[in-house]
Amino acid sequence: MADRILVTTDDLEHAVRINAHLEGAGFDTALVSSLDDVRQAVRGASREPDCIVLTGGLHETRAQTLLAAARERGISTLGLVEATEPDAKGVARALGLTAWLAKPVDPAEVTATVRRLIERRKLQLRTGILGESPAIQEVLVKIEQMAPVTSTVLIEGESGTGKELAARAIHDLSPRRGKPFIAVNCAAIPDTLLESELFGHEKGAFTGAAERRLGRFELADGGTIFLDEVAEMPPATQVKLLRVLEDHSFFRVGGVQPIKVDVRVIAATNRSLKDAVALGRFRDDLFYRLNVLAIYLPPLRERRSDIPLLVRRFIAEFASQHDRQFRGIAPEALQILVDADWPGNVRQLRNLIESMVVLAPEVEIRASDIPRDIRERTGGTVLPMRLVGATRDVAGQELEFILRSLVELKLQVEELRRRLDERPASLPPQRVEVIEVGGGSPLDAEPVPEGPVIYRAGMSMADVERAAIEAALKETRGNRRKAAEMLGIGERTLYRKLKEYALA
């Protein structure tokens, strides 16, 4: 069945030429003009479009309504930006376009771009890397660029961001797609067994080695091996991995004959390998060999615009899996999920949606179905820090702990600096400071200056939050939009908090 393309008629001359070229390329096309036609084509038709081409009017309400509907349903969008637009890339990012081209455009270029977007969408459906945000689109572009070559790839990202999905996508798009894809979690295998798991062993190589065993590299010959949590690899195994990357050969444990393999290596880590090199826990020469091509998978909090799409996809998946007639999610519940911090990223969101689909008493997820720690954003900010190497017998653990703590502190300071730099310059500086008032006599206490939010012993987080909201409203003279900007939260979230604290 031919892929279906919608072309808007805001710029009729471009629309007619593009529509004719798309039809000639074998696509099933339709020209849409009015907002009702667009809604019918996107929401009411028996078959959703695979891509929408917006020929103009990108700043108009109709186009923005169409783009919002397309994002909800995971439909790719291509926008034609006017040549007079001073910042075309910024406009495309702000509007949430999947791709853009500057006018005047060649219809052949539009057709090629549409075909590429549809192929990328099929890749997303096949691999599960879902999202319309610029950050995820950048990841998909890199996957497409890296797949055809044989260079090693290093994937960095927090736990739950989908590093193995990205590795499988690279393999599935590569010439090695018909060969094995072998995944190894380096942290899940004890140090004493990891070398044997990766490179195999000969009969009698050690106690219990009753027969020859092929390692993962031999099993992956001709294909791809994915080394997850590579930062946990012990130093001795790092040396052997470096040899494989340089010579494409290795020795089995207890073996004397070199074994040649043709394997592409994709490594992944949930922490910075540069910091591991600085701490002396990872070889710098191995890092350079792994870091030929690099992909960074953003955490979910950096692509909140993708959360509604992910939520709807997960609801549909688990409703079908558990045979539940489920209508979806209420708007206020969806907003709570969008505002949450998600330290466990997509994995945490997916597991939560499955839980709520199974346990929700109604036919849709409501705000009351969401766990309290997510609603109040008290359980989503910090996870217990796992001390890397704590289970390994390493000398000088106290010194290592101090160094790791310093590195963590450095990263936190850099993150704080980045957030301050990204804060809009138009916002007034926030006069908020925390002052802890001791339990001495009130007569002895110094007068507290008016303006800042005061923390007093015994105050809960809810009390501090209420005080911060009151201070912001006072600072902005009751302007809720400006107060929300000052607090760094959404306006709907502020309205919810006002109602919760009876401040409305």
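1. Basis of the values. Residues are numbered from 1 along each chain as its sequence is written. Because the model is predicted, local features need pLDDT of at least 70 and side-chain atom pairs count only at pLDDT 80 or more, while totals for chains, interfaces and linings use all residues; side-chain values use heavy atoms, with hydrogens and water left out.

2. The sheet. Five strands form an open sheet in the order β2-β1-β3-β4-β5, with parallel pairing. (Strands, E, at least two residues, and helices, H or I, at least four, are DSSP runs numbered from the N terminus; two strands pair if DSSP finds at least two bridges between them.) Strands β2 (28-32) and β5 (99-102) stand at the edges with a single partner strand each, so one side of each lacks a neighbour in the sheet. From one strand to the next, the twist averages 20 degrees.

3. Pairing of β1 with β2. Strand β1 (residues 4-8) pairs with β2 in the parallel sense over five bridges. Within this pairing, T8 stands opposite V32 in β2.

4. A helix on the sheet. Helix α3 (residues 61-73) packs on the sheet and touches β1, β3 (51-54) and β4 (76-81). The direction of α3 makes about 165 degrees with that of β3. (Angles run from 0 to 180 degrees between N-to-C directions; axes are lines fitted to C-alpha atoms, for helices over the stretch in contact.)

5. Helices α13 and α15. Helix α13 (residues 307-321) packs against helix α15 (residues 345-359) at an angle of about 45 degrees, with the axes 9 Å apart. The two are therefore oblique to each other. (Under 35 degrees counts as roughly parallel, over 145 as roughly antiparallel, 65 to 115 as roughly perpendicular, and the rest as oblique.) The contact (heavy atoms within 4.5 Å) involves residues including F314 and F318 of α13 and L349 and I353 of α15. By class, this contact has 11 nonpolar, one polar and three charged residues. (Ala, Val, Leu, Ile, Met, Phe, Trp, Tyr, Cys and Pro count as nonpolar, Asp, Glu, Lys and Arg as charged, and the others, Gly among them, as polar.)

6. Helices α5 and α7. Helix α5 (residues 107-127) and helix α7 (residues 163-173) pack at about 125 degrees, their axes 10 Å apart. That angle makes α5 oblique to α7. From α5, L123, R126 and T127 meet L165, A169, D172 and L173 in α7. The residues of this contact divide into four nonpolar, one polar and two charged.
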